[in-house]
Structures are given as C-alpha cells and as structure tokens.
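My notes are set down in the order in which I looked.

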Amino acid sequence: MAAAVLEAPLATPLFSSKPHNTNFPPKFHTFPSKPTLLTLRNTHPHSCVANASPPQDPDPGSDPQPDPNRDRRRIVRVAWEKILRWSRSWRSKAKTDILQRTNKVVVLGGGSFGTAMAAHVANRKAELEVNMLVRDPQVCLSINENHFNCKYFPDHRLPENVVATTDAKSALLGADYCLHAVPVQFSASFLESVAEYVDPGLPFISLSKGLELNTLRMMAQIIPQALRNPRQPFVALSGPSFALELMDKLPTAMVVASKDKKLANTVQQLLASSHLRISTSSDVTGVEIAGALKNVLAIAAGIVEGMNLGNNSMAALVSQGCSEIRWLATKMGAKPTTITGLSGTGDIMLTCFVNLSRNRTVGVRLGSGEKLENILSSMNQVAEGVSTAGAVIALAQKYNVKMPVLTAVARIIDNELTPKKAVFELMSLPQVILTLI
C-alpha cells in the first residue's frame with residue numbers, strides 16, 4: 001500500500017488551475033509510467049506534505065560523488081610508486097663490483113670518527129681487511145685483543161676484520177683506499193713522516209674538517225703537498241654525521257666530493273650502505289670550507305646556549321653565521337647550492353644544535369664562564385673549531401668579506417673579548433638593509 005501511495009498521483013493534482021474536488025478521499029487511478037510532482041516534492045524532509053516513504057537509494061548504475069580524499073591518496077601513492085620505480089631502475093644500472101674488488105682499506109687515526117668509519121667499512125664485507133694506524137699502543141692492544149677501542153668506544157664491539165697497528169709501513173702496504181682521520185693541524189707533519197710508504201695512486205678519503213692555522217690550507221692542498229705528489233687521488237667526505245650514531249647504524253647521509261667524477265662514484269659505491277647514503281659532488285672547495293667553518297659557528301652557538309640568551313638569539317646568530325659562511329665560500333669559488341645543501345646547512349644544523357658536538361660543548365663552557373685552557377685540557381678529543389677560528393678570519397681579510405659572528409668567536413678564543421662583551425658589540429652593529437649575496 002505504501003508503494004502505491006508513493007508512486008500513484010492524486011485524482012486532482014496539487015497544483016491545478018481548476019477547483020479542487022471536494023470529495024474525499026480521492027480515488028486512485030492506474031499507476032502512471034512516470035512519477036508525478038508529488039513523488040519528487042514529498043522526498044524533502046521539510047516538505048509540508050508528509051513523506052510517504054524514506055528516500056530511495058540512488059540508481060546503482062549512476063556515477064558516485066567524487067571523493068577528494070581518495071583522489072589525494074591516489075596521487076600520493078602514484079608519486080611514491082614512481083620514486084620506487086626510479087630507485088629500482090637506478091640500482092639495476094649501478095655498478096656493484098667496487099666492493100668486490102677491494103681487499104684492504106687503511107684508516108689513518110684512531111679517534112672516534114676514524115674508528116666509526118673503520119667499523120662501517122669492515123661491516124660492508126667480511127673478507128675485507130681494515131687496518132687502523134693508531135698512535136696509542138694501549139688502543140692498538142684493545143682493538144686487536146678485545147675488539148674495542150677502549151678510549152673512544154669502550155661499549156661498541158668492532159668487527160673481527162678490523163685490526164690495529166702502530167706500524168705505518170704494514171698498515172699502508174697493499175691498501176686499495178685510505179681514510180684519513182688525523183686532525184687537520186697535525187696532518188701535514190704526520191703525512192710527511194709516512195710519505196715513503198704511500199703508493200702514488202692510493203686514493204685518500206679525507207674525514208678531517210678544518211683549515212691549517214698558519215697556511216690557511218684545506219685538506220685538498222695539505223695531503224698532496226705533504227706527500228709530495230700533486231696527483232695523489234683525493235676525496236673529501238663530509239656531512240652531518242656523529243661518530244656515535246654511525247657506530248649505532250642509525251640512518252645517516254653524507255657527501256663525497258672530488259674533481260675526479262669517476263673517483264667520487266667509486267668511493268660512493270665503497271661506502272654507501274642500507275644506513276649510510278652517499279651523494280657525490282665536484283665542489284671540493286664548498287664541501288671543505290663549509291665543513292671547516294661550521295665548527296667555528298658551533299662554538300658561537302654554544303656560547304649563546306651557555307649564556308642562556310634564548311631561542312631568538314640562537315636563531316639569529318646561526319642564521320647570520322650561515323650567511324657569513326656562504327659569503328666567504330662563494331668568494332673562494334664554491335657553489336651556493338653546496339653551502340645550502342647536506343654538507344653545508346645540514347652539517348651546520350647538526351653541529352650547532354646537538355649536544356654531541358665537541359665544538360658546541362666548548363662554546364657552552366666558554367659561555368658559562370670557563371677558561372679555554374681548562375676546557376681543552378679536560379677534553380680527550382680535538383675541537384677543530386678552536387684552531388680554525390683564527391684561520392677563518394685571515395681568509396675573510398684575504399677575500400675582503402665581513403664576518404662579525406665568526407670574528408667575535410676568534411677574539412673570544414684569543415682572550416681578547418669576553419662572551420658578554422662580544423654579544424654587546426654584535427648587537428650594537430649598524431642596522432643595515434639585508435642584501436642577497
């Protein structure tokens with residue numbers, strides 16, 4: 001009966017020019033082939049005429065309403081699938097025989113980062129011999145007998161194929177690659193002492209960041225000159241990376257830079273793994289100068305933290321420091337994109353904002369009122385920014401670049417300015433119009 005009421009018209013239409021029939025109830029006639037006006041109007045919930053039945057489901061054959069969320073998810077899914085397809089295609093074309101053809105890697109230096117990279121390379125291939133040339137006999141004994149670096153990583157077991165020695169000749173003999181992890185200020189004298197054992201074709205992968213204080217040289221100049229071989233293959237490895245997190249196999253990304261594109265690609269294949277991404281670059285100057293100057297800026301960031309100057313001050317200082325690094329680096333021939341990339345801004349953020357940074361720690365203690373000599377004497381690792389600060393200012397003068405933040409750090413290190421006075425002088429600089437350089 002309800003269906004009949006829904007689909008059947010009244011004897012007299014609701015809207016008609018003729019008078020309504022006053023005989024109620026109206027008579028039902030035969031069912032029409034199409035619904036009348038009554039059928040459509042009674043489906044509205046606020047209609048004055050009572051609905052005869054609930055609204056019917058739409059025709060299964062009709063087009064559904066578009067779902068914006070579904071479309072957005074589909075677009076994101078398609079984009080991700082394209083990335084994965086590109087990744088698979090790239091991996092299928094990439095060469096993987098470099099690691100297979102590598103039998104021995106030597107690491108010069110037994111510090112924290114040298115140890116972490118030795119462990120990383122050793123984990124890449126169980127048959128690979130990784131020799132660490134160390135200075136401390138106790139560290140050498142600890143690595144060989146217990147597989148721990150007792151000085152820097154007493155709680156991290158090293159792979160079985162990592163061996164240590166104090167003999168430069170045996171360490172370098174037959175090496176396919178050399179990871180140089182000696183601090184910058186000691187690199188030249190050290191390399192000169194072992195030059196006779198270095199094969200002229202041995203690729204050097206520099207892990208050291210900084211500038212030589214008296215000569216203003218970067219590692220790209222120090223290594224070939226100390227070895228008396230201007231053609232010594234050279235690669236700079238840099239980027240935001242703490243040794244501890246490398247040892248813990250946490251996801252990390254770094255950059256290898258070389259004028260030799262083929263060599264950069266080779267080192268990329270040697271080092272890249274499931275937890276270490278390696279990008280390549282030809283901008284050796286940009287990668288090295290950013291790696292050196294970020295240590296000085298980290299000291300400034302630490303001073304701000306030690307003085308409790310707040311987040312506004314920290315953001316302003318690091319931003320200004322990034323600009324100063326970019327100004328000098330580009331004057332020296334670096335690419336701006338390198339300074340804003342992984343080995344520039346990426347490394348700056350890590351070093352300036354994280355407590356694991358040695359240079360930042362020096363700054364925090366300076367800002368808290370400690371004397372520099374007391375800070376350095378209590379540390380068992382080198383804070384490269386302390387030595388690099390003076391070299392940076394000499395470079396700034398050479399290239400006629402104003403660097404107020406980094407200059408202030410150098411003056412504090414030289415004990416010519418207190419942190420409090422430095423802040424006052426920086427805040428008193430003229431208010432200038434910001435220009436893009």
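The entries below go from the sheet to a loop residue and then to the salt bridges.

Before starting, I noted that this is a predicted model, in which local features need pLDDT of at least 70 and side-chain atom pairs count only at pLDDT 80 or more, while totals for chains, interfaces and linings use all residues. Residues are numbered from 1 along each chain as its sequence is written, and side-chain values use heavy atoms, with hydrogens and water left out.

**Entry 1, the sheet.** I took helices (H or I, at least four residues) and strands (E, at least two) as DSSP runs numbered from the N terminus, and counted two strands as paired if DSSP finds at least two bridges between them. I found an open sheet of 8 strands with mixed pairing, in the order β3-β2-β1-β4-β5-β6-β7-β8. Its edge strands, each pairing on one side only, are β3 (162-165) and β8 (276-281). Within the sheet, β1 (residues 104-108) runs parallel to β4 (residues 177-180) over 4 bridges, and V107 has L179 of β4 as its bridge partner. Helix α11 (residues 261-271) packs on the sheet, where I list β4 and β8 among the strands it touches, and its direction makes about 175° with that of β8 (axes are lines fitted to C-alpha atoms, for helices over the stretch in contact, with angles from 0 to 180 degrees between N-to-C directions).

Is V182 buried or exposed? I read a relative accessible area of 10%, so V182 is buried (under 20%; exposed is over 50%, partly exposed in between, with a 1.4 Å probe and protein chains only). V182 sits in the loop between β4 and α8 (184-194), and, leaving aside neighbours within four places in sequence, it is in contact (heavy atoms within 4.5 Å) with L108, G109, S187, F190 and S208.

Searching the whole structure, I found 9 salt bridges, each a side-chain nitrogen of Lys or Arg within 4 Å of a carboxyl oxygen of Asp or Glu. K209 pairs with D347, with 2.7 Å between the closest N and O atoms; because K209 lies in the loop between β5 and α9 (219-226) and D347 in helix α15 (residues 342-353), the pair ties together parts 138 residues apart in sequence. K294 also forms a salt bridge with D347, at 3.8 Å between the closest N and O atoms, and this pair links helix α12 (residues 284-306) to α15. I therefore noted burial too: D347 has a relative accessible area of 1%, and K294 counts as buried at 7%. K209, K294 and D347 are linked in a network of salt bridges.
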